Amino acid sequence: MGPFPVWAIWARYIPSLGPISRSKFSRSLAYSVPCLSLWASSTLTHSLAAAAAAAAAAGGHRHHHPQQPPSLHPPVPTADPSSNPHGQPRAASESRSPPRSARHRRPSGPGSGCRRRPPPDLNAISILLTLMQSDDSDLKLRKFSQKMVKICCIGAGYVGGPTMAVIALKCPAIEVVVVDISKPRIDAWNSDQLPIYEPGLDEVVKECRGRNLFFSTDVEKHVAEADIIFVSVNTPTKTRGLGAGKAADLTYWESAARMIADVSKSDKIVVEKSTVPVKTAEAIEKILTHNSKGINYQILSNPEFLAEGTAIKDLFKPDRVLIGGRETPEGKKAVQALKEEVYAHWVPEDRIITTNLWSAELSKLAANAFLAQRISSVNAISALCEATGANVSEVAYAVGKDTRIGPKFLNASVGFGGSCFQKDILNLVYICECNGLPEVANYWKQVIKINDYQKSRFVNRVVSSMFNTVSGKKIAILGFAFKKDTGDTRETPAIDVCHGLLGDKAQISIYDPQVTEDQIQRDLSMGKFDWDHPRHLQPTSPTAFKQVSVVWDAYEATKGAHGLCILTEWDEFKTLDYQRIFDNMQKPAFVFDGRNVVDPEKLREIGFIVYSIGKPLDAWLKDMPAVA
Ligand SMILES: NC(=O)c1ccc[n+]([C@@H]2O[C@H](COP(=O)([O-])OP(=O)(O)OC[C@H]3O[C@@H](n4cnc5c(N)ncnc54)[C@H](O)[C@@H]3O)[C@@H](O)[C@H]2O)c1
Ligand SMILES: O=c1ccn([C@@H]2O[C@H](COP(=O)(O)OP(=O)(O)O[C@H]3O[C@H](CO)[C@@H](O)[C@H](O)[C@H]3O)[C@@H](O)[C@H]2O)c(=O)[nH]1
């Protein structure tokens, strides 16, 4: 099969979006082998052995794929400037540092934003040190280098990019190609300015790119050549039809599976990296085997547990790697192959867990539900703290000291955000409902309800404290990303807080060190769940919010403001000159700390009226209703 333009691939494999070649699909159904022969561990081993021989002949394990187009290797200087996705194809320049002087200029127009990167931190330094030490571990692992395995990852996003970069780093004998339908995103991966900001990522990519790590839009070619295919595409919440607002939309997964079936000529291990509903592997298996043309596929579930902002650290030292497969001899061999060929290169044996497929798929949803539940638990307690005079930090500390509970993930906040928690819990809720378990569904729904309550409670505090109206008042928003150390704004609580304030006609001035004006305007105008589609498919309203301005400096954002809201826990917000901020604000000057990053007592000494989530209330706030 010859090379295919990216858009053609898209149209071809998504029935609802383009003219899929249905006749072709029926044909392949007709000629597919009706009975899937045994998973060819032998066949795969043969192909691996053949590749190994080729690699040996090529003279070493730092193999460059002979067919790798040369254009993949040199950095591509610019990406589509209009691409600043909501976690989707993002212009390379967007998360990067403008010259210092430029930071004082307000960005205007789509894609004009350049954000500075925080100075190198200890985390990045420790990653560099690990990189320097990795030569040593490579030596230990040369035994694997006799085999040349080729990996292709479909989806060059927050998961596909970093995970594959780390696999390439830790497994120099494996060639890893990350493919995507988005050209701007691939261009950015091939440039000096990567499409996502993640501490330590640049160093890892620089080490491997062009050696055994490649980024390409030639999806079909690399899928056809791969032994192991990771699928790390979007799995958004459905917005229409059956299960709308809850169920996972598997359009992108299905299109990837159909494409794999169509272009494969050799046996494959297909790995679910995306977070998917339980039993997705069964559906994928059906698509692949009905189109198999005698090719053997093994489907594995290998969910990703990295958190943004610490992705590289998490990938270097995962708490666990989970691999689920069929409990057949062939399934077990595929699990072993992924374990030994890939993860055993750097992950200790006792951290690699193997399970059946459904346990692995469900564990991912369950893990996120448990994590989010902790945050909703502490946030629920934060409301009670405010009502009673208890301090949520003290309560969380005391509770977390119980070794059965533990101290992590007990920071009260304005609410959890990010692309995963809400989506995955909704997915879990839907699965429970489909399995006739409404009580279980309602239990998990409550985690999201408390999260929504926490966000609206915060907005109510702002409005009610400021004489029950913010109409025409300038409110500064410090922090828009869903957490620190990332430029990602997907499901950030800042969106809901801004909508709440805009609903009361506030004038909003936003500063975030990593998020651009274009992105913020897109976020505020996008429909619920629309953000989780590839950029070119995201519907957005063309109108920008005139009451919203985005500035490059916290002092600029707060100048003349009546109140300021801290919505992301960026370290720099701890050390701002709050006296200077106070002097330049309207009086009375309010601080609403949604992340508990400032010391409320110190700020009160300056003269601020301070609200901190779950902390004893300022005398001023005590007289105000908790709910406006
Ligand atoms: N972001 C996280 O921290 C995280 C962590 C663990 C798991 N996950 C899960 O991983 C999956 C991917 O998440 P992400 O944050 O990387 O998303 P993302 O939007 O950043 O990346 C997905 C990429 O897939 C591409 N894509 C979609 N369909 C494609 C196709 N048919 N062929 C080729 N490319 C295609 C898109 O263009 C996009 O670049 C989701 O299921 C998510 O729930 C995310
Ligand atoms: O004590 C806490 C911890 C987190 N948060 C908030 O919770 C959200 C999610 O944070 P975090 O879990 O650190 O980031 P994610 O990148 O969303 O990672 C989660 O979602 C990923 C996608 O599935 C999983 O892979 C990770 O294991 C899981 O931690 C953010 O808004 C945080 O500010 C709190 O409010 N309080």
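This is a predicted model: local features need pLDDT of at least 70, side-chain atom pairs count only at pLDDT 80 or more; totals for chains, interfaces and linings use all residues.
Residues are numbered from 1 along each chain as its sequence is written, chains are lettered from A and ligands numbered from 1 in the order written, and side-chain values use heavy atoms, with hydrogens and water left out.

Q: How many helices and strands does the secondary structure of the chain come to?
A: Helices (H or I, at least four residues) and strands (E, at least two) are DSSP runs, numbered from the N terminus. On that count, the chain has 22 helices and 14 strands.

Q: What percentage of the residues in the chain is buried?
A: Buried means under 20% relative accessible area, exposed means over 50%, and partly exposed is in between (1.4 Å probe, protein chains only). The chain has 628 residues, and the buried share of them is 58%.

Q: Among contacts between residues at least 6 apart in sequence, what share joins residues at least 24 apart?
A: A contact here means heavy atoms within 4.5 Å. Take the contacts in the chain between residues at least 6 apart in sequence, and the share joining residues at least 24 apart is 78%.

Q: Which cysteine is Leu 501 in contact with, leaving aside neighbours within four places in sequence?
A: In soluble globular proteins, nonpolar side chains tend to be buried together. The partners of Leu 501 include Val 459, Val 462, Val 463, Ile 475 and Ile 508. Also on that list is Cys 565.

Q: Which residues come nearest to ligand 2?
A: A residue is near a molecule if one of its heavy atoms lies within 4 Å of it. There are 21 residues around ligand 2. The nearest are Phe 305, Leu 306, Ser 413, Cys 420 and Arg 595.

Q: Which residue has a polar side-chain atom 2.8 Å from an oxygen atom of ligand 2?
A: A polar contact is a pair of N or O atoms within 3.5 Å; within protein, one must be able to donate a hydrogen and the other to accept it, and residues adjacent in sequence count only if both atoms are side-chain atoms. The side-chain contact at 2.8 Å comes from Lys 364.

Q: How much of the accessible area of ligand 2 does the protein cover?
A: On its own, ligand 2 has 690 Å² of accessible area.

Q: Which element gives the largest share of the shell around ligand 2?
A: Two elements give two or more residues each to this shell, helix 13 (357-388) and helix 15 (421-434). The shell divides into eleven nonpolar, four polar and six charged residues; Ala, Val, Leu, Ile, Met, Phe, Trp, Tyr, Cys and Pro count as nonpolar, Asp, Glu, Lys and Arg as charged, and the others, Gly among them, as polar. The largest share, four residues, comes from helix 13.

Q: Is Thr 516 buried or exposed?
A: Thr 516 sits in the loop between strand 10 (507-511) and helix 18 (517-525). A polar atom of its side chain lies 3.1 Å from the backbone nitrogen of Gln 519. Because its relative accessibility is 2%, Thr 516 counts as buried.

Q: Which proline is joined to Lys 587 by a cis peptide bond?
A: The omega of this bond is about -5°. The proline lies in the loop between helix 20 (578-583) and strand 13 (590-593). That residue is Pro 588.

Note on methods: Accessible areas come from the Shrake-Rupley method with a 1.4 Å probe; for residues, only the protein chains shown count as cover.
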